[in-house]
Amino acid sequence: MTAKHVPGTAAPELVAWEVFRREKDGDPMRHGGSVMAPDAELAVHYARELYGRRQESVRLWVVRRADIVDLDDPDLLQPPLDRLYKKPGGYVMRDKLAAARAQAGQAKPKARSK
Amino acid sequence: MTATASAPTTALAGLLLAVADDEFVIGFSDSEWTGIAPLLEEDVAMSSLAQDELGHAAALYGLLAELTGTDADAIAYDREPGAYRHCRLLDHGRGDWAMTIARRYLYDTADGVRLEAMVGGSWAPLADLAGKLAREERYHRMHAGAWLDRLARDGGEGRERVLAALAELAPDAATVFTPLPDEPALLEAGVLTASSAEMERRWRAGISPTFERLGLPMPPPARDPGRGRLDHGEAFRWLWSEFTMVRRSDPGATW
């Protein structure tokens, strides 16, 4: 949790808070932007003013940026090898199929009739 | 629009004017923070609160204009300073941030109690509007409360400044509950469901736990309570010259 300001000391430090918002019921929470605030209570006030005062949101999530687990390691996210097989479309099979048909001497099958 | 069965139009008009002037004056005062608030986010927040209050004033002046067959802008802008009926609590000038927060806290808590007394009232147009205003004012109290808490718990300059602000405002804090000349008629007709004395009692009961927790002195009874909405001083005359400046620059123009 946010450190409480100790009375009599210097002003509390402003930290960044990320704001997620839901535009209308049923929508996913989407990142809206960020606010600077010294603690969670004021962060919520400012999020409400910056991302909700025009009735553009039905829900806000306000998350201290430091609490977000960040991952941007290219070895983990953008590995160098072909990962097409992990995509829903899979490999492009057209060329391989054509080669296999040529080898077997078969014509491309016609579209199936109903 | 018709008045209720038994409340005379003058009584309703007096009530609307007092509440509308309160919202108008505090809204305009707070708008002075636009561009110079302590941090960017707070600048947006305070400007938005100020706009809310001006919006409330516009709705109340609108109701008054409908009731009396006049023009809302004319009511808001074309009176001499002495004809405004806001409470003296709002006559202290913008001051520093602590002053603004102290004034907001005292006013918003009092306004909340007053709205409650109108929500259940017998005049539907006002009761409906008060219900809407009350929903927005909830957030205003949260905002002022959050700041009062931070300033008062700060052992240093913040606390000193908020104590100084409260000391200046204290004698006028309860002027929100200055009895209106036609209060008996408004109570009789059920337009107000509580007398100003009862509202002030509720207000004190509502804020005293906060004042106690923060070690702040509770405001005393209003000085010269009968004139709580009169005798606006130099600070208000300056504010008036500001908010009427454009309007006076070309009287009768269509904006």
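I began with burial in chain A of this predicted model, where 19% of the 114 residues count as buried (under 20% relative accessible area, with a 1.4 Å probe and protein chains only). Residues are numbered from 1 along each chain as its sequence is written, and chains are lettered from A in the order in which they are written. Local features need pLDDT of at least 70, side-chain atom pairs count only at pLDDT 80 or more, and side-chain values use heavy atoms, with hydrogens and water left out.

I then read chain A along its sequence and found the pattern β-β-α-β-α-α, with three helices and three strands (DSSP runs, H or I of at least four residues for helices and E of at least two for strands, numbered from the N terminus).

Next I turned to helix 4 of chain B, residues 97-119, and noted that 21 of its 23 residues are buried. At its N-terminal end I found D96(B) as the cap, with a side-chain oxygen 3.2 Å from the backbone nitrogen of A98(B).

After helix 2 comes G69(B), with a positive phi near 65 degrees.

Last, I looked up how helix 2 and helix 5 (residues 124-153) of chain B pack, and found an angle of about 160 degrees with the axes 11 Å apart (axes are lines fitted to C-alpha atoms over the stretch in contact, and angles run from 0 to 180 degrees between N-to-C directions). That makes the two helices roughly antiparallel (over 145 degrees). The contact (heavy atoms within 4.5 Å) includes L49(B) and H56(B) of helix 2 and L133(B) and W147(B) of helix 5.

Note on methods:
Expected span 1.5 Å × (residues − 1). Buried < 20%, exposed > 50% of the residue type's maximum accessible area, 1.4 Å probe, protein only. Polar contact = N/O pair within 3.5 Å; in protein donor to acceptor, adjacent residues only side chain to side chain. Parallel < 35°, antiparallel > 145°, perpendicular 65-115°, else oblique.
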